[in-house]
Amino acid sequence: MTDLALHNYFRSSTSVRVRAALNLKGLAFDYIPLSLLKGEQASAAHLVLNPSGLVPTLVTPQGALPQSLAILEWLDEVHPEPSLLPADPWGRARVRSLAHIVALDIHPVNNLRILKHLETEFGADANAKAAWFRKWASAGMGALEIRLSSEPETGDFCHKNKVGLADLCLYAQVINNARFDVDMAPYPTIRRIHENCLAVPALRDAAPEFQPDAS
Ligand SMILES: N[C@@H](CCC(=O)N[C@@H](CS)C(=O)NCC(=O)O)C(=O)O
């Protein structure tokens, strides 16, 4: 038993973000798997922790905390090293702004429940759902690529040469994109940063294939 329990799913990109942050900060946590395929995120037991019926939820000594971005910022405040946000206000705003392209523009419209709704209410088949995913992933990736390739603060990672909040979102999204065959050729800067993320053990270890519920 540890102080922290992460209710999550191996393939969930929002869960990848949080696992990567916990690993980066060297924090032990109990891994509580919830199968999204079986709908366990909407079980009565999990709804008590997270009324949205989504993962991840981090259970802490102070209570349950849903929402991956809030979890990341809470972890960063309670365990400041290594920091996920730059020290200066402009840097912090820039990193959040990059992270939001993934977390607020791309992810919500491509979430499982949206794809399921397209199928049940509008008859979308697997090809149509994948095309939908690619449409919104590409829109966000395109904006992210322009920002990262043109802004002087971009370095080995999204902001200079240190892994941060935006990298966690980028890293998890690129993994997710592969499942839907998003063409990454137009995004060389994102691909370069993703490669750099893969070289960081804390991030690599957070990848879906290394999680206990992956098999
Ligand atoms: N804004 C939430 C989104 C969480 C979310 O959508 N999680 C997905 C997995 S990546 C989920 O639980 N999907 C289940 C569903 O759509 O039913 C966060 O960042 O934590």
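**View 1. P56 sits in the loop between α2 (44-49) and β3 (57-60).** Helices (H or I, at least four residues) and strands (E, at least two) are DSSP runs, numbered from the N terminus. The V55 to P56 peptide bond is cis, with omega near 5 degrees. A polar backbone atom of V55 is 2.6 Å from a nitrogen atom of the ligand. This is a predicted model: local features need pLDDT of at least 70, side-chain atom pairs count only at pLDDT 80 or more, and totals for chains, interfaces and linings use all residues. Residues are numbered from 1 along each chain as its sequence is written, and side-chain values use heavy atoms, with hydrogens and water left out.

**View 2. Q67 lies in the loop between β4 (63-66) and α3.** Its phi is positive, near 80 degrees, in a residue other than glycine. An N or O atom in the Q67 side chain is 2.6 Å from a nitrogen atom of the ligand. For the T14 side chain, the distance from an N or O atom to a ligand nitrogen is 3.4 Å. A polar contact is a pair of N or O atoms within 3.5 Å; within protein, one must be able to donate a hydrogen and the other to accept it, and residues adjacent in sequence count only if both atoms are side-chain atoms. The protein buries 88% of the 510 Å² that the ligand exposes when taken alone (Shrake-Rupley method, 1.4 Å probe; for residues, only the protein chains shown count as cover).

**View 3. The shell around the ligand draws on two domains.** Domain 1 (5-82) and domain 2 (89-202) both give residues to this shell, so the ligand lies between them. The domain bounds come from an automatic or database domain assignment. Of the 15 residues around the ligand, V55, Q67, S68, N111 and R113 come nearest (a residue is near if one of its heavy atoms lies within 4 Å). The elements giving two or more residues are α1 (13-24) and α5 (112-122). With three residues, α1 gives the most. By class, the shell holds five nonpolar, eight polar and two charged residues.

View 4. P82 lies in the loop between α3 (68-78) and α4 (89-110).

**View 5. D181 is found in the loop between α7 (165-179) and α8 (188-198).** D181 is not a glycine, yet its phi is positive, about 55 degrees.

How values were computed. Ala, Val, Leu, Ile, Met, Phe, Trp, Tyr, Cys and Pro count as nonpolar, Asp, Glu, Lys and Arg as charged, and the others, Gly among them, as polar.
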